[in-house]
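Student: I have a model open and want to go through its contacts. Can we take it piece by piece?

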Amino acid sequence: MRDVAIIGVKNTKFGELWDRSFRDVVVEAGVGAVSDAGVVGEKIDSMFVGNMSGGQFVEQEHIGALIADYSGLAKDIHVPSTRVEAACASGGLALRQGIYAVASGMDDIVIAAGAEKMTDVPSPKASSALAAAADREWEGIMGATFPGLYSMVAKLHMHKYGTTSEQLAEVAVKNHHNGQHNPIAQYKSPITVESVLNSIMVADPLHIFDCSPITDGASAVVLAPADVAHEYTDTPIYVKATAQASDTIALHDRRDITTLDASVAAGKRAYEMAKMQPKNIDLVEVHDCFTIAEICAIEDLGFAKKGEGGIVTQNGETAIGGRIPVNTSGGLKSCGHPVGATGVKQAVEIVEQLRGEAGKRQVDGAEVGMTHNVGGSGATAVVHIFSRNR
């Protein structure tokens with residue numbers, strides 16, 4: 001297996017992009033990443049595109065072919081393009097498939113992208129589309145939504161470990177603080193603990209400011225064999241680990257709903273592959289679809305002891321300048337969550353950090369970064385580790 005590097009990246013703006021179509025945003029991301037890498041279309045061997053629910057959000061299936069077509073890669077050069085779906089982990093899994101393609105030697109230059117256009121349908125339809133990532137027969141049909149499912153996680157975490165609503169709110173406050181410095185972020189306004197606690201209750205104990213938004217956007221990276229990466233860029237970022245794990249799709253079948261066992265397993269596999277430990281990671285982008293999800297994630301990945309994620313956050317250890325900066329991009333909460341794109345956006349953020357290009361949200365001396373992308377309530381978890389050094 002060959003070592004793999006990222007040689008180009010691009011995010012579109014995230015938000016309610018009323019004047020942009022699905023194909024507009026994904027082409028912008030792909031063309032931007034290719035331009036950043038300095039490659040031409042004829043050099044691209046394949047594409048993998050994360051998309052959760054184009055059929056429900058924009059009534060478009062056959063996403064892989066659509067994107068190849070509108071990227072100018074279908075006619076004449078006929079680049080193979082594959083859609084990848086794993087709910088909200090679709091982007092992370094598309095990246096993993098792209099890494100496999102290069103590492104195996106089957107392909108040399110590969111685009112891994114993710115895209116979602118979620119605001120073209122009314123909110124109830126968007127909620128229904130998202131609910132399809134849970135167990136429709138045993139959860140969705142009973143009226144369970146993702147805020148409801150994660151509220152149960154939060155309630156039990158509070159009961160078992162003493163986590164407070166204030167600690168949940170601190171996650172949102174930190175991520176909005178980071179997001180205000182991210183030019184692509186959906187929400188750039190700082191918030192306070194008080195404003196989180198006084199916002200509308202969605203599913204007790206989760207307020208609206210504890211929840212990630214409905215978002216449009218796309219992200220892309222270009223992958224190449226590490227041996228030739230310097231032919232394209234002076235700052236290649238190397239893939240040190242790619243790992244995936246699964247768990248039951250329904251929350252009620254889990255061993256312990258306050259621990260995402262798929263996150264734990266994927267994290268362990270990634271650490272083993274990279275020959276690293278949590279102490280070797282300089283920053284991490286985790287899947288904070290809800291504030292409780294970030295607290296669980298930093299525990300599951302070994303950055304906090306079980307039950308202490310809220311305390312670690314409240315103490316500022318996960319802020320930029322803290323012991324382990326978490327979600328420097330603003331996370332899903334502030335940057336936004338176009339579900340098919342999120343896992344790739346996380347990788348773009350880590351690449352920009354390791355290149356030293358993150359501006360006011362830059363983590364000083366960052367050498368190694370991690371991404372953590374979750375599908376549904378934890379049935380899929382994808383973890384990557386990246387480094388400045390091969």
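**Domains, salt bridges and cores**

Tutor: Across the interface of domain 1 and domain 2, the rule finds one salt bridge. Keep in mind that this is a predicted model.

Student: Where do the two domains run?

Tutor: Domain 1 covers 4–122 + 215–237, and domain 2 covers 133–210 + 239–387. Their centres, taken over C-alpha atoms, are separated by 23 Å. The contact takes 43 residues from domain 1 and 34 residues from domain 2.

Student: How much area do domain 1 and domain 2 bury between them?

Tutor: About 3100 Å², with 67% of it on carbon and sulfur atoms.

Student: And which residues in domain 1 lose the most area to domain 2?

Tutor: Phe-14, Cys-88 and Ile-237. Together they make up 24% of what that side buries.

Student: What does UniProt say about residues 4–226?

Tutor: An unreviewed UniProt entry places the feature "domain: Thiolase N-terminal" there, at residues 4–226. In the model, the end C-alpha atoms of residues 4–226 lie 5 Å apart. The span is 39% helix and 18% strand.

Student: Back to charges. How many salt bridges does the structure hold?

Tutor: It holds 21. Take Lys-155 and Asp-204: their side chains meet in a salt bridge at 3.3 Å, N to O. That pair links distant parts of the chain, 49 residues apart. Lys-155 is in helix H6 (residues 146–161), while Asp-204 is in the loop between strand S5 (201–203) and strand S6 (206–207).

Student: What does Lys-160 pair with?

Tutor: With Asp-256, in a salt bridge of 3.3 Å, N to O. Asp-256 lies in the loop between strand S8 (237–246) and helix H9 (261–274), and Lys-160 lies in helix H6, so the pair ties together parts that are 96 residues apart in sequence.

Student: Why does Asp-256 count as buried?

Tutor: Because its relative accessible area is 13%, and the cut-off for buried is under 20%. Lys-160, at 40% relative accessibility, counts as partly exposed.

Student: What about Glu-299 and Lys-306?

Tutor: Their side chains meet in a salt bridge at 2.9 Å, N to O. Glu-299 is buried, with a relative accessible area of 6%. Lys-306 counts as partly exposed at 31% relative accessibility.

Student: Which residues do salt bridges that share partners join into one network?

Tutor: Asp-3, Asp-227 and Arg-390.

Student: And what does Arg-355 form a salt bridge with?

Tutor: With Asp-36. The closest N and O atoms are 3.0 Å apart.

Student: New topic, nonpolar packing. Which residues of the largest nonpolar core touch the most other members?

Tutor: Phe-57, Tyr-150, Phe-290 and Ile-292, out of 33 residues in that core. Helix H5 (123–131), H6, helix H7 (165–179) and helix H10 (291–300) each supply at least two residues of the core. H6 gives the largest share, six residues. The core draws at least three residues from each of domain 1 and domain 2.

Student: What does Phe-290 touch?

Tutor: Leaving out residues up to four places away in sequence, Phe-290 touches Phe-146, Pro-147, Tyr-150, Leu-206, Asp-210 and Cys-211. Another core lies apart from the largest one, with 32 residues, among them Val-26, Ala-37, Ile-63 and Val-222.

Student: Last one. Where is Leu-93 found?

Tutor: In helix H4 (residues 90–104). Leu-93 is buried, with a relative accessible area of 10%.

Student: Which residues does Leu-93 touch?

Tutor: Val-84, Ala-86, Gln-244 and Val-382, not counting residues up to four places away in sequence.

Student: And how many Å separate the C-alpha atoms of Leu-93 and His-207?

Tutor: 30 Å, with the two residues 114 residues apart along the chain.

Note on methods:
Residues numbered from 1 in each chain as written. Predicted model: local features only at pLDDT ≥ 70, side-chain atom pairs only at ≥ 80, totals over all residues. Heavy atoms only, no water. Salt bridge = Lys/Arg side-chain N within 4 Å of Asp/Glu carboxyl O. Helix = DSSP H or I, 4+ residues; strand = E, 2+ residues; numbered from the N terminus. Buried < 20%, exposed > 50% of the residue type's maximum accessible area, 1.4 Å probe, protein only. UniProt positions renumbered as here; feature names shortened; annotations may be inferred. Core = buried A, V, L, I, M, F, W, Y, C linked by side-chain atoms within 4.5 Å. Domains from an automatic or database assignment. Contact = heavy atoms within 4.5 Å. Buried area = accessible area lost by both parts, 1.4 Å probe.
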